[in-house]
Number of protein chains: 4
Amino acid sequence: MSPLELGRESAWLSREEIDQARDKVPILYVDLLPVRVDDRGVVTGIGLLLRMTDGRITRELVSGRVLHHERLRDAILRHLEKDLGPMALPRVPPSPQPFTVAEYFPTPGVTPFHDPRQHAVSLAYIVPVAGDCAPQHDALDLAWLTPEEARDPLLLADLDRGHDVLLRQALAHLGFPI
Amino acid sequence: MSPLELGRESAWLSREEIDQARDKVPILYVDLLPVRVDDRGVVTGIGLLLRMTDGRITRELVSGRVLHHERLRDAILRHLEKDLGPMALPRVPPSPQPFTVAEYFPTPGVTPFHDPRQHAVSLAYIVPVAGDCAPQHDALDLAWLTPEEARDPLLLADLDRGHDVLLRQALAHLGFPI
Amino acid sequence: MSPLELGRESAWLSREEIDQARDKVPILYVDLLPVRVDDRGVVTGIGLLLRMTDGRITRELVSGRVLHHERLRDAILRHLEKDLGPMALPRVPPSPQPFTVAEYFPTPGVTPFHDPRQHAVSLAYIVPVAGDCAPQHDALDLAWLTPEEARDPLLLADLDRGHDVLLRQALAHLGFPI
Amino acid sequence: MSPLELGRESAWLSREEIDQARDKVPILYVDLLPVRVDDRGVVTGIGLLLRMTDGRITRELVSGRVLHHERLRDAILRHLEKDLGPMALPRVPPSPQPFTVAEYFPTPGVTPFHDPRQHAVSLAYIVPVAGDCAPQHDALDLAWLTPEEARDPLLLADLDRGHDVLLRQALAHLGFPI
């Protein structure tokens, strides 16, 4: 089934049906850190989405649900395309091993990750993107930061739901000081 | 919420309710390879469950669903205890990074993993167990094999659903020839 | 120091000097599996070098020593360029975490890996290459195999020093059946 | 060859001989974070060594060289035993995949890691210890910190050579906020 068909299938599920599943099982997500790399594979830029959330500007990773019957790599591609546009040319990692797994609970404090809507378990990947990125849908903008800028506590305060922790964990996995 | 309470909550979900979730979203699993290790951390034994499935003996990894509101490490403990008994003393890995992620589809051939009941996504971990293991529930027996025995093609043919592939991937991650 | 300068510095070390180091400490290597990937990140081709070794054709991974004062990612680039040519456009992994570490001993059987010249410890990475590859130096040819072809036991018999084991471990890490 | 014999062999190498190797090739190290874990595998304590370095108290990870002809897991055991004593009962990870690789250069600033004596490349592992730890040799003391305490910037300032970065990277790999 192509990502397009999956999008349609998802549209067929009513809000109510999704909510029913959310009440019964953990929901599978992918959390994605889009990065720019140079010729030596060094990360030179980290892409964060800017969104307007409850009248306040927040930053976040690319993130989204894995659909029924959807391959993980198709979910990764679909969410990057949805948020960065169709010309982003993401280089999906060839291995399924995530650099970490984030457990989001509706109750804050159970883990560093929090999602008021649901219990979600998210596989986290770093994805180099080689093309032109244009923020889509409800994202106001996409900001590219250097790895050094991405450690700024003021900036990290703009990330909700524990995405500041996940960003630091990604930087750590990349070998950067944090 | 303790594993016990979660077990109860799960019991409250009717078969019908689980089936409804299975029709809508991928179901999150853990696949676990129980191992014996020596003082140097070398794996000396690999535990496989023997079950009677459709009148034929099959071997399989410890495997099971992550429940709503359950931490991954609690799911790992619960399933090991369920299959190996309460005295197995599993050493749950301190890091959430799985060695691989297995995608099970109801249609055979989409991936090496197959589950006729559902689309399941499983985080795979190797878990040393230090205590006494006693097979529980519907498991006939628990067989400890050396890493060399675990590569035997005849034995691997007894593993269904792609568990033979997952076992080889675990051996590869452990540094053994496969 | 640039890879070019490092090459020169290395040239200054006589064979005797390298042999002296080999007698005292483990020598650090990188083992590299060049792969072709499609737009979804699926590995479609695996590059193996064909060499003439002692009058017999052998296959091997790209492999080589990390030089004094050389960064790991520069060693990865240098060895890929040396064997695949300057137009291979390798995508060096952004994270330093290798998928495995191979320990080569001069005595066969200590580990699955064997190097008659030395005790070497090798960090293993999978590296997508996007450009044109042209075998260089003493390599006869570069053969691209599908992941399925790469599992052929007859072909694996052409890999010396445990590179057959390392190739299978890489396939396992990529999620392929092995 | 047993760790004991290796220790002897190492003793045979004069300071001059080691220095000669240091001038020619990167030296292979292991960096080890000893941890206490509870029954669910949650890290509850992180062990840092206190040393007197140049008249000032510093904290550091367990760290040391891999010897000629020594297996990685034997080097891990030897260094933990050397610093934590013979009753520490370390649980050496069954897989050789390190959580990161740290590159130490004699010139500060090339990477976050710095070693004035040499170019060293270090495989980093988290190692649960189950027994009694007693600091040995030139270590003044071993301090057990909670993961929260280990994030204290004042404490992190006591770690030299980039061990503060490595400690944070280990916490990130364990899933803790950093």
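I began with F113(B), which counts as buried because its relative accessibility is 3%, and buried means under 20%. I note that the model is predicted.

I looked up Y104(B) next. Its relative accessibility is 3%, so Y104(B) counts as buried.

How many aromatic pairs are there over all chains? I found a count of four.

Then I checked the rings of Y104(B) and F113(B). Their centres lie 5.4 Å apart, and their planes stand at 50°. Planes under 30 degrees apart would count as stacked, and over 60 as edge-to-face. The angle here is 50°, so I logged the pair as tilted.

**Entry: chain C**

I turned to Y104(C) and F113(C). They form an aromatic pair, with 5.4 Å from centre to centre. The angle between the planes is 50°, and the pair is tilted.

Are Y104(C) and F113(C) buried or exposed? I found Y104(C) buried, and F113(C) buried too.

**Entry: chains A and D**

I laid chain A on chain D. The RMSD came to 0.0 Å. The move was a turn of 180° with a shift of 0.0 Å along the axis. The two copies are therefore related as by a two-fold rotation axis.

Which C-alpha of chain A is nearest the axis? I found that of A172(A), 3.3 Å from the axis.

Last, I compared the contact residues. Of those in chain A, 100% recur in chain D. I wrote down that the same surface serves both copies.

Technical notes
Residues are numbered from 1 along each chain as its sequence is written. Chains are lettered from A and ligands numbered from 1 in the order in which they are written. This is a predicted model: local features need pLDDT of at least 70, side-chain atom pairs count only at pLDDT 80 or more; totals for chains, interfaces and linings use all residues. Side-chain values use heavy atoms; hydrogens and water are left out. Copies are superposed by least squares on the C-alpha atoms of residues with pLDDT of at least 70 in both. Contact means heavy atoms within 4.5 Å. Rings of Phe, Tyr and Trp (its six-membered ring) pair if their centres lie within 6.5 Å; planes under 30 degrees apart count as stacked, over 60 as edge-to-face and the rest as tilted. Buried means under 20% relative accessible area, exposed over 50%, partly exposed in between (1.4 Å probe, protein chains only).
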